[in-house]
Amino acid sequence: DVIERGLEFRLILDKHFLDDRWTVGSNIMFEPEWDRVDGTRSKELKNEYSLGTAYRFSAHWSAGLEFLNRRLFGAQSFGQQEASGFFLGPVLHYGTPRWWASFTVLPQISGSPAFLGYDANGNPVSDASRTLGEYEKLELRLKIAIEL
């Protein structure tokens, strides 16, 4: 029996330059989660920071770069960081007044040492180069929005 609950809070900021041809944006997300698996309760906090920029090179097309940092905190405490992954990659965007779509390729470029468990001798095991136990090596994202 698994029950998961969470709330997601986002702050989205953007600034346009050069007659809206160049855009810089940031997205900050906090998501506290509460889980119950077979009667055992746990809680964690997911945190995400992204910063991106894009340049519109034709009437509907833009290209840019996005930087993303994802973090996971145990017991919903900023003092108990369990994982952190850093991603950097290109984004291609197509937009019209009624809808838009963005495609992003985000390889994980580094991560904090992630706790992976214990070895046979009871010693903690971690991965210091990337956080592959918690986050993907490569993330492909397609976002589509329609104005209603």
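Me: How do strand 4 and strand 5 pair?
Reply: Strand 4 and strand 5 pair in the antiparallel sense over 13 bridges. Strands are DSSP runs of E with at least two residues, numbered from the N terminus, and two strands pair if DSSP finds at least two bridges between them. This is a predicted model, in which local features need pLDDT of at least 70 and side-chain atom pairs count only at pLDDT 80 or more, while totals for chains, interfaces and linings use all residues. Residues are numbered from 1 along each chain as its sequence is written, and side-chain values use heavy atoms, with hydrogens and water left out.

Me: Switching topic: how much space lies in the largest pocket?
Reply: About 1300 Å³, where a volume is the space filled by probe spheres set on grid points joined across faces, edges and corners. On a 1 Å grid over the protein atoms alone, a pocket is an open set of points with protein on both sides within 12 Å along at least five of seven lines, unlike a cavity, where a 1.4 Å probe fits but cannot get out; lining residues have an atom within 4 Å of a point.

Me: Which residues lie nearest its centre?
Reply: Of the 46 lining residues, these are Gly 25, His 93, Trp 100, Ser 102 and Lys 143. Strand 4 gives the largest share of the lining, ten residues.

Me: What about Leu 92, where does it lie?
Reply: Leu 92 lies in strand 6.

Me: Why does Leu 92 count as partly exposed?
Reply: Because its relative accessibility is 38%; buried means under 20% relative accessible area and exposed over 50%, with partly exposed in between (1.4 Å probe, protein chains only).

Me: What is Leu 92 in contact with?
Reply: Leaving aside neighbours within four places in sequence, its contacts (heavy atoms within 4.5 Å) include Phe 57, Trp 61 and Ser 102. Leu 92 and Ser 102 are ten residues apart in sequence, yet 5.7 Å apart in space, C-alpha to C-alpha.

Definitions and conventions: Helix = DSSP H or I, 4+ residues; strand = E, 2+ residues; numbered from the N terminus.
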